[in-house]
Amino acid sequence: MLESLSKIDAYAMTDVGKVRKNNEDAVLLLPKTQCYVVSDGMGGGKAGEVASAMMVQEIESALTKSSTVPAEREGLIIRSAYKVNELIRDYAEQHNYSSMGATFVCLLMDTWHPSMATVFHAGDSRIYRIREKEIEQITEDHTVAATSKVDEGKLAPMFRGVLTNALGTGSEFFLERTAIDVQDDDIYIVCSDGLSRMVPDSNILYICETLQNESSETICKELIDTALGCGGRDNVSVIVIKIKRLGSEYQPTDEESKLESEAQVRNLMDLSDTPPTEVISASELFKKQ
């Protein structure tokens, strides 16, 4: 079945930036399983580094020897995220870390239907899609600003950049799943906010369009360099995924179809307990005039 997978050119890179002393980001690129992950650690020092490392290590371990049944692969991502959420919370309690956590964003290609993919995310790490000279933010930030539908610049300073969801938040954690379509010549950018907060979407699009005939490595390095040139105030991590050619559809056996259906039901149950995000009152949100 692996021969039916799409032809993809992907490259990952992370940089400590120009201000931070350590890199709390972690990236994971699994070309054989076509899974791409960025996790941005929080908590300072080793706390953030440990949190993000936990996430990528768990995903890598789960997918390296995984089934090729699409819903079973998704289930591994879902259960890994909820497992790591608890592991981070327990680790923080054991080491007296008060704010240990990590964002998580993952692009997982469909092994049976190459024209489909699934996005999972928690926090403000993002996935962009560049298609037909336009850029689209696939994920919606789990921040006070995005949740409240308010421009971040209009928020009271204490709420700017504040996350409403991340790994390590215990029972409040939830994982958002989004199904997307994939086309030939698409470019996907999986990144931490070290890119998105430094480089406007229009500039990301310009770089990808200008370098569309270059390798994913060239585009990735240019995006990193641009973020650093704009100040590099945070760690910056980027994965560039260029869809060169979609693979062929796979026709599953009856047994595989049964496994897919069973896994889909389990995944829906695993995601059904997603808690609502509380919206802070307007009087608290806005800075005093």
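I take two strands as paired if DSSP finds at least two bridges between them. Helices (H or I, at least four residues) and strands (E, at least two) are DSSP runs, numbered from the N terminus.

The model is predicted: local features need pLDDT of at least 70, side-chain atom pairs count only at pLDDT 80 or more, and totals for chains, interfaces and linings use all residues. Residues are numbered from 1 along each chain as its sequence is written, and side-chain values use heavy atoms, with hydrogens and water left out.

**Entry 1, strand β5.** I looked up β5, residues 104-109, and found six of its six residues buried (under 20% relative accessible area with a 1.4 Å probe, protein chains only). Phe104, Cys106 and Leu108 point one way, while Val105, Leu107 and Met109 point the other. In a regular strand the side chains alternate between the two faces of the sheet.

I checked β3 (residues 35-42), which runs antiparallel to β5 and is joined to β5 by four bridges. Here Tyr36 stands opposite Leu107. With β6 (residues 116-122), β5 pairs antiparallel over six bridges, and Cys106 stands opposite Phe120. I noted that six residues lie between β5 and β6 in their hairpin.

Notes: Buried means under 20% relative accessible area, exposed over 50%, partly exposed in between (1.4 Å probe, protein chains only).
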